[in-house]
Amino acid sequence: MARRSDGRGWNSKLVGAALGVTLLATGASVWTAQAGTADGSSPEATAPAGNHVRPTAVTIAHASDAGPRGINITIDDGPDPEWTPQVLDVLREYGVKATFCMVGPQAQAHPDLVKKVVAAGHRLCDHSVSHDTAMDKKSEAYQSRQILDAERVITKASGGVRPMYYRAPGGAFTPYSRKLAASRGMRPLGWNVDSKDFERPGTDTIVATVERELPNGPTLLFHDAGGDRTQTVEALRRVLPRLKEQGYSFGFPVR
């Protein structure tokens with residue numbers, strides 16, 4: 001899994017938005033699984049209580065629970081009011097479930113979309129607060145705030161459904177961040193195929209990249225925020241039926 005450089009015009013705006021995120025956990029229920037039982041506790045900002053969360057493995061997941069011909073579709077950086085609904089429509093059209101790696105401020109701003117993602121049977125993933133691709137160079141206290149504050153915001157926005165994974169922005173994992181996420185029941189999540197859709201190289205190029213890189217492994221990376229995602233939507237519309245025709249099935253990353 002190669003590190004993605006950020007180079008994103010929207011990242012500075014996101015950092016600014018993140019500074020304004022209200023991280024109030026009072027009254028928010030924390031669930032023990034994608035649809036578990038809440039205990040109603042209110043953890044502190046950087047030291048949440050255990051909440052009876054079942055820890056996961058600390059290793060970075062790539063494999064699919066759908067087996068050797070399984071594919072994991074992962075969608076990063078949203079939710080976005082324009083593009084997330086379109087991505088959801090394509091996934092529904094082809095009967096595919098995906099993992100949505102959400103950024104804290106986006107989830108807080110669009111809780112209706114977070115709930116739609118969950119209602120459609122997709123899974124949630126914590127993608128930090130500020131999408132800082134240099135998180136691995138920052139202090140453990142900073143990493144903790146980024147991971148735990150986003151976890152809390154996403155959980156609140158979803159109506160109590162907790163993220164099942166943690167994906168470090170740009171792959172900037174550390175042993176500490178992996179251990180922390182795993183202790184909160186969030187399996188560290190990598191990727192094998194970067195579609196490079198964020199660069200908007202053209203739909204044909206995105207599709208070609210996925211097909212060329214697919215032998216690298218089952219976890220595919222796309223985006224539903226950060227700019228015009230028309231090419232992403234169209235690429236998914238082409239890629240999903242092709243993969244089905246080739247005998248692949250769609251699942252979730254292993255936990």
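Two residues are in contact here when heavy atoms of theirs lie within 4.5 Å. With that definition, the structure above, which is a predicted model, can be read residue by residue. Leaving aside neighbours within four places in sequence, V233 is in contact with W83, Q86, V87 and V90.

V233 itself lies in helix 8, which covers residues 230–245. One of its contacts, V87, is 146 residues away along the chain, yet the C-alpha atoms of V233 and V87 are separated by 5.9 Å. V233 has a relative accessible area of 2%. Buried means under 20% relative accessible area, so V233 counts as buried.

The chain as a whole gives the setting for this pair. The chain contains 8 helices and 8 strands. It has 255 residues, and 56% of them count as buried. Among contacts in the chain with a separation of 6 or more, 78% are between residues 24 or more positions apart. The accessible surface comes to about 10300 Å², and carbon and sulfur atoms make up 52% of that surface.

Which strands pair with strand 1? Strand 8, residues 249–251, pairs with strand 1 in the parallel sense over 3 bridges, and the bridge partner of G70 there is S249. Strand 7, residues 219–223, also pairs with strand 1 in the parallel sense, over 5 bridges; in strand 7 the partner of T74 is L221. Strand 2, residues 99–102, pairs with strand 1 in the parallel sense over 3 bridges, and I75 has F100 as its bridge partner in strand 2.

Strand 1, helix 2 (residues 83–93) and strand 2 make a right-handed β-α-β unit.

I75 shows how strand 1 sits among other parts of the chain. I75 is found in strand 1, which runs over residues 70–76. Its relative accessibility is 1%, so I75 counts as buried. Apart from neighbours within four places in sequence, I75 is in contact with V87, A98, T99, F100, C101, F222, H223, D224 and L236.

A last element to follow is helix 5, residues 140–158. Helix 5 has 19 residues and reaches 27 Å from its first C-alpha to its last, close to the 27 Å expected at 1.5 Å a residue. Is helix 5 enclosed or exposed? Of its 19 residues, 15 are buried, so helix 5 is largely enclosed by the rest of the structure. After helix 5 comes G159, whose phi is positive, near 90°.

Conventions: Residues are numbered from 1 along each chain as its sequence is written. This is a predicted model: local features need pLDDT of at least 70, side-chain atom pairs count only at pLDDT 80 or more; totals for chains, interfaces and linings use all residues. Side-chain values use heavy atoms; hydrogens and water are left out. Helices (H or I, at least four residues) and strands (E, at least two) are DSSP runs, numbered from the N terminus. Buried means under 20% relative accessible area, exposed over 50%, partly exposed in between (1.4 Å probe, protein chains only). Two strands pair if DSSP finds at least two bridges between them. A crossover is right-handed if, with the strands pointing away from the viewer, the path from the first strand over the helix to the second runs clockwise. Accessible areas come from the Shrake-Rupley method with a 1.4 Å probe; for residues, only the protein chains shown count as cover. The expected span of a helix is 1.5 Å times one less than its number of residues.
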